[in-house]
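Hi,

Here's the structure I said I'd pass along.

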Amino acid sequence: MKSGIDASENSLRRLLNEWDPVGVADDVQDEYDCMLAPLLQRLRGGADEPEIAEFLRHELEDHFGLTPLPSEPRAMAARVISWWAHADRTGGTGSA
């Protein structure tokens with residue numbers, strides 16, 4: 001049986017792979033795993049949508065070398081916050 005942490009990570013991994021800003025998730029399922037722990041830490045700490053959007057923007061630019069449109073991190077941050085609100089009520093197993 002998976003722990004709540006594993007379930008949260010797996011669910012968040014699926015969400016990030018659906019977003020797939022690099023365009024490789026069909027071939028590389030762990031491409032965005034570097035964002036899992038920092039995102040979960042922020043969410044557990046009560047981060048809001050602008051903070052999550054800034055983290056995602058920073059990761060896209062500094063880690064992945066992308067130049068995101070301003071709406072990309074904001075839209076994904078909204079999805080992450082929505083997922084987290086649902087996941088929190090379902091023990092980490094919510095879906096996007």
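**Around α2**

Just past the end of α2, G46 adopts a positive phi of about 90 degrees. Bear in mind that this is a predicted model.

α2 itself has a clear buried side. Its buried residues are L36, L39, L40 and L43, and they sit on the same side of the helix because the arc they cover around the axis is only 95 degrees. On the face of α2 turned away from the buried side you'll find A37 and Q41, which are exposed.

**The core**

The largest nonpolar core has 24 residues, and those touching the most other members are L12, L16, M35, L39, I52, L56 and W83. Two or more residues each come from α1 (4-19), α2 (36-44), α3 (49-63) and α4 (71-89), with α4 giving the largest share, six residues.

Leaving out residues up to four places away in sequence, I52 touches L39, R42, L43, A47, A77, V80 and I81.

**The tryptophans**

Searching the whole structure turns up two aromatic pairs. In one of them, W83 and W84 have ring centres 5.7 Å apart and planes at 50 degrees, so the pair counts as tilted. Are these two buried or exposed? W83 has a relative accessibility of 1%, so W83 is buried; W84, at 17%, also counts as buried, because the cut-off is under 20%.

Cheers

Note on methods. Residues numbered from 1 in each chain as written. Predicted model: local features only at pLDDT ≥ 70, side-chain atom pairs only at ≥ 80, totals over all residues. Heavy atoms only, no water. Core = buried A, V, L, I, M, F, W, Y, C linked by side-chain atoms within 4.5 Å. Buried < 20%, exposed > 50% of the residue type's maximum accessible area, 1.4 Å probe, protein only. Helix = DSSP H or I, 4+ residues; strand = E, 2+ residues; numbered from the N terminus. Contact = heavy atoms within 4.5 Å. Arc of directions from axis to C-beta. Phe/Tyr/Trp six-rings, centres within 6.5 Å; stacked < 30°, edge-to-face > 60°.
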